[in-house]
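Trainee: I'm new to this one, could you walk me through it?
Mentor: Gladly, let us look at it together.

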Amino acid sequence: MRIDEMLSSRHVHFESLQHRPTFTANRMAQVLHVPGKEVAKSVLLRSGGDYVLVVLPATHYVDMERIRHRLGEENVEMASEDEIAHMFPDCEPGAMPPFGSLYDVPTLVDSSLAEDEEIVFENQSHEEAIRMRYEDYDTLEHPIKGRFSY
């Protein structure tokens, strides 16, 4: 299911933002003239045989030590491109939306994203983004919140 269709079906207000192709969250922020701290990038991690989606601002990096601590796992690694393609088959490579629940993957969100009223993220492609209220995202996704980045 496309994310915009899911949001519409749940009567959540959002804005679709078409843009020229971008392949990093920071570049998307530049092209859309949006502060990088408001752009939510998604990173898939492997922990044992399970996966977890970490959502953080484009300007931040995943803090693997905090993730390990939060999950109580010693071995946490970045998922491979093949694993990402398998877990998110309806998304262009690297354009995962911040809704792990739609893919049966737990979602951890960095609490710094809640500091702004809105977030912007890829809509499963490198040419379309979605802007929506963070509060609506939180209500739909129910992510685990914490400081997961630096």
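Mentor: A term to begin with: helices (H or I, at least four residues) and strands (E, at least two) are DSSP runs, numbered from the N terminus. This is a predicted model, in which local features need pLDDT of at least 70 and side-chain atom pairs count only at pLDDT 80 or more, while totals for chains, interfaces and linings use all residues. Residues are numbered from 1 along each chain as its sequence is written, and side-chain values use heavy atoms, with hydrogens and water left out.

Trainee: OK, where is Phe 14, and what does it touch?
Mentor: Phe 14 has its place in strand 1. Not counting residues up to four places away in sequence, Phe 14 touches Asp 4, Leu 7, Ser 8, Ile 130, Arg 131 and Met 132, where contact means heavy atoms within 4.5 Å.

Trainee: Which residues of helix 2 are buried?
Mentor: In helix 2, residues 25-32, the buried ones are Ala 25, Met 28, Ala 29, Val 31 and Leu 32; buried means under 20% relative accessible area, exposed over 50% and partly exposed in between, with a 1.4 Å probe and protein chains only. Because they cover an arc of only 165° around the axis, they are on the same side of helix 2, the arc being that of the directions from the helix axis to the C-beta atoms.

Trainee: And what do they pack against?
Mentor: The buried residues of helix 2 pack against strand 1 (14-18), strand 2 (40-47), strand 6 (118-122) and strand 7 (128-133). Just after helix 2, His 33 takes a positive phi of about 60°.

Trainee: Switching topic, where is Glu 38 found, and which side chain of opposite charge is nearest?
Mentor: Glu 38 is found in the loop between helix 2 and strand 2. Glu 38 is buried yet has no salt bridge, and the nearest side chain of opposite charge, Lys 37, is 4.6 Å away. A salt bridge here is a side-chain nitrogen of Lys or Arg within 4 Å of a carboxyl oxygen of Asp or Glu; Lys and Arg count as positive and Asp and Glu as negative, whereas His and the chain ends are not counted.

Trainee: Is Asp 82 buried or exposed?
Mentor: Asp 82, which lies in helix 4 (residues 81-87), counts as exposed because its relative accessibility is 66%.

Trainee: Last one: what sits over the ring of Tyr 61?
Mentor: The charged end of Lys 41 does, 5.5 Å from the ring centre; a charge sits over a ring if NZ of Lys or CZ of Arg is within 6 Å of the ring centre and within 35 degrees of the ring normal.
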